[in-house]
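Reader: I have a model open and want to learn how to read its contacts. Where do we start?

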Amino acid sequence: MAELVQVIVDVPTMQTNRPYTYRVPEHLERQVQPGMRVMVPFGRGSREVQGFVVAVDQPGEFDGDLKDLAGVMDLSPVLNDELLKLAGWLADQTYAFKITAFYTMLPSLLKAQTTRLVRLVDEVDEQTRLALFADQDELDLAKVQTDPLALSQLMRLRRAGKVVIDYRVHDRARAKQITTITPTLSFDDYEGERLGVLKNAHAQRNLLDYLQSLAGKTVPLKQAQEESGLSAATFTTGAKRGWLKKGQAEVYRDPSGALPTSPTAPPTLNQEQAQAVKRINQATDQRTAETFLLQGVTGSGKTEVYLRAIERALANGRSALMLVPEISLTPQIVSRVRGRFGKQVAVLHSGLSNGERYDEWRRIKRGEAKVVVGARSAVFAPLDNVGLIIMDEEHESSYKQDDAPRYHARNVAKWRAAYHHAPLVLGSATPSLESRARAATGLYHRLTLLHRVNQRPLPPIQVVDMKREVQARGETNYSLPLLNLLTDRLNKGQQSILMLNRRGFSSFVMCRDCGYVPKCPNCDISLTLHMDSRSLKCHYCGHEERIPNTCPNCQGHRIRYYGTGTEKAVAELQTYLPTARIIRMDVDTTRRKGMHEKLLTKFGNHEADILLGTQMIAKGLDFPGVTLVGVLNADTGLDLPDFRSSERTFDLLAQVAGRAGRADEAGQVVIQTFNPDNYVIQLARAHDYERFFVQEMNLRKLGAYPPYYYTVRVMGSHPDEQMAARVMQAVRQELVGQLDSQTIILGPTPRAIARLKNRYYYQIVIKYRHDPALHARLTAIMEGAQQQFDRETQVMIDPDPQYFL
DNA sequence: AGCACGCCGACT
DNA sequence: GTCGGCGTGCTC
């Protein structure tokens with residue numbers, strides 16, 4: 001009996017989201033293993049697609065005629081047993097296609113490209129042939145895809161059987177190759193050769209000298225040229241004479257380039273740090289998949305705890321994974337890890353080219369790198385024998401991927417930690433409520449760092465009431481207290497950072513007199529501004545009302561669409577402080593690659609006095625010269641129509657406050673707000689995360705929000721708005737009555753951005769505590785959506801969404 | 001996704 | 001009568 005394999009093909013639809021059985025042709029027998037990429041014929045015609053082998057020699061249920069594998073693309077599996085299992089779990093948990101899960105775990109170069117080539121197989125009249133094919137007998141279909149006339153002509157020819165379309169799958173993954181040279185003769189033989197060379201052939205004599213100096217060693221051609229000062233042509237001549245052999249060698253592209261690895265002496269730990277390290281290392285040694293919540297104020301030395309824990313994992317002969325949010329994956333942190341662990345470190349971040357990413361991935365896979373530092377997708381790094389997983393700034397929302405597969409790196413990290421019996425360390429100064437709550441119930445082990453390493457207290461925070469400022473001085477972004485402090489710092493030659501919170505720009509309205517923001521009467525969530533209909537909508541329950549002309553609270557007339565741009569803010573500031581050198585940092589000024597670093601370096605070199613920017617300046621920066629931090633508009637994030645807006649604002653304020661006075665000089669923080677009495681502002685001012693946690697938990701309990709309830713968002717889209725609404729109505733019908741009595745189904749409601757790319761979006765939000773039936777029902781909805789509705793219908797499911805916009 | 005099969009309107 | 005429109009079903 002022929003050998004059989006089960007293959008998941010690269011055709012991302014629900015109908016093909018299952019393994020297909022193929023026969024292994026004789027010449028490939030016993031070579032195909034699970035986790036390898038293969039090429040398989042799929043469908044009628046000569047279509048060929050890439051697929052992943054998920055099982056070998058297990059007969060499937062299919063009893064029709066089987067096709068043969070067309071070929072294997074890998075010599076060894078690209079996905080090991082662990083990652084194959086993980087992919088299955090991931091696809092199931094996130095309602096994603098298995099093929100999407102596979103590709104998510106691999107560097108993008110391993111996604112094959114298919115080209116469609118049109119080939120002439122029969123006589124075609126000369127004119128048509130010349131018009132379409134010019135003088136070629138093959139034509140890349142992608143090149144005429146945009147030409148409807150040529151396309152229809154080709155289709156006609158195809159129906160007439162005069163042309164066929166060939167599918168070619170090709171792998172884009174290429175190891176970088178360099179040319180090398182190897183001496184072929186012995187020292188004495190080279191002396192002999194010297195006799196046969198003309199006296200004035202200096203280059204060849206020098207080449208002989210150089211080859212002798214190599215003593216048989218293989219070196220890259222480029223290096224040989226540099227060392228000998230000879231041209232490539234000389235080496236070619238040498239090869240012709242049999243003096244040397246040219247070869248090819250695989251090398252890694254080096255993304256670290258000239259990045260300095262600064263081996264620094266590890267600082268001594270304070271008592272809290274030592275205690276935390278001890279507990280984590282115990283778990284590492286005993287191989288317990290325990291989850292730790294390392295809660296430490298800014299500057300308390302969490303990173304040093306991570307490094308010590310990694311050290312232990314390595315000492316035990318195991319590997320370590322360290323996740324950081326993309327935004328804080330700065331050269332600073334990378335060089336710190338490199339400084340400690342040197343070449344064993346691989347770094348994965350969005351700044352790498354596809355080739356560099358592929359090379360780092362191969363270094364990890366071959367076991368050459370034992371420590372991986374990277375952003376979200378690095379959680380899939382092909383490390384073996386993981387001894388420790390660290391997730392820094394675990395509350396960051398960027399750990400959740402917002403397209404398919406909609407996974408949260410924290411959940412994946414937990415899965416892998418359990419698989420490897422390794423501890424998981426979640427670190428943060430302001431943990432997510434979910435994690436902090438789990439630590440409270442004992443599900444996670446909480447470790448605290450209450451003291452800053454430099455013994456300095458956290459900077460004092462002054463809250464300025466902008467209502468009064470605006471009443472007294474008219475519209476402005478800058479209060480007098482802030483301006484006075486800025487002037488003071490300018491005079492002392494010290495630096496300041498100003499943050500303009502742009503989150504939710506113009507997406508809600510607020511009264512400039514009393515700070516009132518319209519809220520939904522049913523949901524107690526701020527209403528979203530819809531300019532197209534000039535209305536305010538709640539997209540939890542669908543409530544809609546007109547934009548008020550006067551404030552319902554104070555009857556004032558100054559209702560504004562809230563939001564202000566950095567450009568305007570800089571211009572205004574310059575009128576107050578004409579001599580100040582100001583750097584503006586926002587998406588506009590940092591769009592070009594490298595600009596982010598360039599502006600920061602400039603500021604770090606004290607080439608400017610004030611850095612004014614959006615959220616992006618809040619994270620990971622460490623400028624000793626900064627003694628003043630101002631938040632121009634703390635409210636903007638506060639009143640977003642999102643139950644997490646308070647949590648995010650608190651995190652952000654805590655984060656920026658940590659930017660002030662990190663070195664010798666004491667720092668100061670000013671928060672400007674229209675809601676000075678708001679509990680978020682007040683507790684941020686007091687640096688009191690724990691009280692914020694308690695208070696916010698109460699509100700979440702009252703509103704039936706996470707972490708008391710889990711949430712799932714089901715989105716449906718369609719080019720026709722009526723249809724989109726109808727689809728989601730039908731989805732609701734399939735859920736109603738099937739779920740737990742405590743489960744709440746909200747909607748369907750149109751999304752805040754109702755139309756995107758000419759599709760209309762409606763969504764349902766499900767809140768539940770414990771609902772064993774829900775997962776299966778949602779999977780069934782995904783699977784049935786295609787048959788039940790027309791082809792234009794798209795249904796997406798987002799478990800634990802971070803945003804509901 | 002992409003292709004074939006199949007059932008209805010405007011043309012040689 | 002046929003060419004070709006796109007609705008529906010299937011791909012090992």
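Author: Start with the polar contact: a pair of N or O atoms within 3.5 Å. Keep in mind that this model is predicted. Here, a backbone N or O atom of Thr21 lies 2.6 Å from a base oxygen of DNA strand C.

Reader: Which element gives the largest share of the surface near DNA strand C?

Author: Strand E2, residues 20–23, with three residues. By class, that surface has six nonpolar, four polar and six charged residues.

Reader: How do I read a salt bridge?

Author: Side chains of opposite charge can pair when their charged atoms come close. This structure holds 34 salt bridges. One joins Glu690 and Arg436, 2.9 Å from N to O. Glu690 sits in helix H23 and Arg436 in helix H15, so the pair ties together parts 254 residues apart in sequence.

Reader: Is Arg436 buried or exposed?

Author: Buried, because its relative accessible area is 7% and the cut-off is under 20%. Glu690, at 27%, counts as partly exposed.

Reader: Which residues form a network of salt bridges?

Author: Glu250, Arg253, Asp359, Arg362 and Arg366 are linked that way.

Terms used:
Residues are numbered from 1 along each chain as its sequence is written. Chains are lettered from A and ligands numbered from 1 in the order in which they are written. This is a predicted model: local features need pLDDT of at least 70, side-chain atom pairs count only at pLDDT 80 or more; totals for chains, interfaces and linings use all residues. Side-chain values use heavy atoms; hydrogens and water are left out. A polar contact is a pair of N or O atoms within 3.5 Å; within protein, one must be able to donate a hydrogen and the other to accept it, and residues adjacent in sequence count only if both atoms are side-chain atoms. Helices (H or I, at least four residues) and strands (E, at least two) are DSSP runs, numbered from the N terminus. Ala, Val, Leu, Ile, Met, Phe, Trp, Tyr, Cys and Pro count as nonpolar, Asp, Glu, Lys and Arg as charged, and the others, Gly among them, as polar. A salt bridge is a side-chain nitrogen of Lys or Arg within 4 Å of a carboxyl oxygen of Asp or Glu. Buried means under 20% relative accessible area, exposed over 50%, partly exposed in between (1.4 Å probe, protein chains only).
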